[in-house]
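Hi everyone, thanks for coming. I'd like to walk you through a structure that may be new to you, so let's bring it up on the screen.

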Amino acid sequence: MSLFVWQDREEVLLASFREVLRGHAPGPLRRQYWAREHGQWKIFSETVSKD
């Protein structure tokens, strides 16, 4: 899992990870983009890649 945080006009967080189910190979790479709204983090975009 990788986390990157940056601030432009608002605070944004990028989380990159692979889901791994017990007994299975790692799944696709997921990237979630989070923004802080009124003090709470919310996902505003998510991508899935087979890389």
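Leaving aside residues up to four places away in sequence, S49 is in touch with P28 and L29. Please keep in mind that this is a predicted model.

Where does S49 sit? You'll find it in strand β4, which covers residues 40-49. And is S49 buried or exposed? Its relative accessible area is 19%, and because buried means under 20%, S49 counts as buried.

Now let's step back to the whole chain. Along the principal axes, the C-alpha atoms fill a box of roughly 40 × 20 × 15 Å. Of the 51 residues, 20% count as buried.

Next, please look at the start of the chain. Strand β1, residues 2-7, lies largely in the open, because zero of its six residues are buried. Which strand does β1 join? Six bridges link it to strand β2, residues 11-18, and the two run antiparallel. A hairpin of three residues connects β1 to β2. To see one of the pairings, find F4: its bridge partner in β2 is L14.

Last, the surface and the charges. The chain exposes about 4,400 Å², with carbon and sulfur atoms supplying 50% of that. There are 8 positive and 7 negative charges, and their mean positions are 7 Å apart.

Notes:
Residues numbered from 1 in each chain as written. Predicted model: local features only at pLDDT ≥ 70, side-chain atom pairs only at ≥ 80, totals over all residues. Heavy atoms only, no water. Helix = DSSP H or I, 4+ residues; strand = E, 2+ residues; numbered from the N terminus. Buried < 20%, exposed > 50% of the residue type's maximum accessible area, 1.4 Å probe, protein only. Contact = heavy atoms within 4.5 Å. Pairing = 2+ DSSP bridges. Areas by Shrake-Rupley, 256 points an atom, 1.4 Å probe, with all protein chains shown as cover. Lys, Arg positive; Asp, Glu negative; His and termini not counted. Charge placed at Lys NZ, Arg CZ, Asp CG, Glu CD.
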